Amino acid sequence: MADKTTSSSSGAPAKAQDSTKKVGLIGLVGIVISAMIGGGIYSLPQNMAQDASAGAIIIAWVVTGIGIWFIANTFRILSAARPELTNGLYTYAEKGFGKLIGFFVAYGYWICNCFALVAYSVLVMATLNYFVPDFTGGNNIPSIIGGSIITWVMYLLALQGAKQTSFLNIIGTIGKLLPVAIFILAVATVFKLSVFMEGFWGMHGTIDLSFTWDNVMPQVQATMLVTLWLFLGIEGAVVVSGKAKSQAAVRKATTIGFLVTLALYIIVSLLPLGVYSQADIGNMANPSMAAIMLDKFGKWGEIMVNAGVIISVLSSWLVWMLMLGEMPLAASKSGIFPKAFTKENKKGSPSTSLLWTTIVVQVVLIISFFIGSNAWTTMISITSVMALPCYLFCTLFLFKIAIKKEYPQGIFASRNMAVFTGAAGSLYGLWLIYAAGLNYLMVACIVYAIGLPLYIVGVRQHDPKAKLFAKTSDKVIVAVVVALGIAGLIYSIITFGHVKI
């Protein structure tokens, strides 16, 4: 497929043609839900019960729901306040805090979600092991080969563009929601309130714990990376907003996608606790939905859930490929990624960005072979931690334009609402960074430091005379990132490599 650099022709026929390539509300809702609901929902009962009781899970969802809503509302408000800034995360960070911060957000978002695609590969291959034994663990050699094939097939599909694949996204969304709906209805028929209330705040042996901060808050904190991982993709409509028919559709899709997804997550994580004890669910093999369906409803339920995992992951995989192609494209147009990333094919798909995304995924997929049985947990944890700065700088940008009165009149949200949303979203983001723990923060620092040469090459290609780090603040940021990267490397070698000093 021939490439061409991005351009636009004048004249009505060209505009009409461009309009047909735009994604409408239903397609955007499909993108948002598909980006968030991957295979994780099928393992959600075990993932939450492993560290938290029913009461703690409820608190965790209240905290997460409110916090993620501030992030979602940030994207909704910014799409109205700055409608010219399409492709969301990167452009908000760049306009608010300069090109270097913009680069780290674009690069961090891009790379962290390449890790997410590898997590998808591990999950889908491990699930295929149920039907075709040989893919044990999801990251053995047959799994790496199978995941590599899927990765390159997704690349070819993504080359067809967002509009051309939106129908597949809608079908995939229906396919992934149907098994979840059947699971909810089935488990509701065997739910018992007495079982649900037993050990509501946790158990110590056979003794029910009562509510105290010391008992409950560590449980809540332990779920934070799980819940953040589940909401990665809330920005889906914003990331592809340059391909959307209107910014109003972007706002509506974000709201609908968030509310539908949150409701499903809460129900799926709490219902099984009215059937089994927390300890029983916490010890289930994943996908835990399948274990529950097999135990209570027979083989058909297990088959349905495992098939649902595969459909769900493949659907989300395609959505993320589409989204990840947009970020390097926007960054290259702004002069901080190499020029080659500006190339689009005849269908408006960012072909070079997609190619390099696929290459990065392929490399990380091979690395996952050496991680062992913790590949899934490692990938989703790194993804979640690296995504945090991307969200944080968006909420800070909203707070900045609202507090400095660089805020338009007449949009759906008042300036006071924008100030509150930006401040609350930023505080939530900072708390998540604290809750993430040191191990994966150090890995994230290494990955961010590795990206600096890409920034240098990109800036030099676009303007050979440009000063790379003209501001004092830029020099400080680079020094901090490099220092943290080195510290992260040493820490990771000691921690994960079990090196004794």
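## The largest cavity

In this predicted model, the largest cavity has a volume of about 100 Å³. Its lining is made up of 14 residues, and those closest to its centre are Ala 35, Met 36, Gly 38, Tyr 120 and Trp 229.

How many cavities of 30 Å³ or more does the structure hold? The count is three.

The average pLDDT of the chain is 83, and 90% of the residues score at least 70. Residues 1–17 are a stretch to treat separately: pLDDT stays under 50 there. For this stretch the model has 19 contacts beyond four places in sequence.

## Two salt bridges

Searching the whole structure turns up two salt bridges. One of them joins the side chains of Lys 299 and Glu 302, with an N to O distance of 3.2 Å. Both residues sit in helix H16 (residues 299–333), and because they are three residues apart, about one helical turn separates them.

The other pairs Lys 333 with Glu 344, whose closest N and O atoms are 3.6 Å apart. Is Glu 344 buried or exposed? Its relative accessible area is 9%, so Glu 344 is buried.

## Around Glu 302

Which residues does Glu 302 contact once its neighbours within four places in sequence are left aside? They are Tyr 130, Ala 290, Met 293 and Leu 294.

## Thr 377 and some distances

Thr 377 lies in helix H18 (residues 375–403). With a relative accessible area of 39%, Thr 377 is partly exposed, since that value falls between the 20% and 50% limits.

Thr 377 and Glu 302 are 75 residues apart in sequence and 23 Å apart in space. Between Thr 377 and Leu 168, which are 209 residues apart along the chain, the C-alpha separation is 28 Å.

## Cysteines without disulfides

How many disulfides does the model contain? The count comes to zero. Take Cys 114: the nearest cysteine sulfur belongs to Cys 112 and is 8.4 Å away.

For Cys 394 the nearest cysteine sulfur is that of Cys 390, at 7.6 Å, and Cys 394 is in no disulfide. Its relative accessible area is 1%, so Cys 394 is buried as well.

Definitions and conventions:
Residues numbered from 1 in each chain as written. Predicted model: local features only at pLDDT ≥ 70, side-chain atom pairs only at ≥ 80, totals over all residues. Heavy atoms only, no water. Salt bridge = Lys/Arg side-chain N within 4 Å of Asp/Glu carboxyl O. Helix = DSSP H or I, 4+ residues; strand = E, 2+ residues; numbered from the N terminus. Buried < 20%, exposed > 50% of the residue type's maximum accessible area, 1.4 Å probe, protein only. pLDDT = per-residue confidence, 0-100. Contact = heavy atoms within 4.5 Å. Disulfide = S-S within 2.5 Å. 1 Å grid on protein atoms, 1.4 Å probe; cavity = no way out; pocket = protein on both sides within 12 Å on 5 of 7 lines; lining within 4 Å. Points joined across faces, edges and corners; volume = space filled by probe spheres on them.
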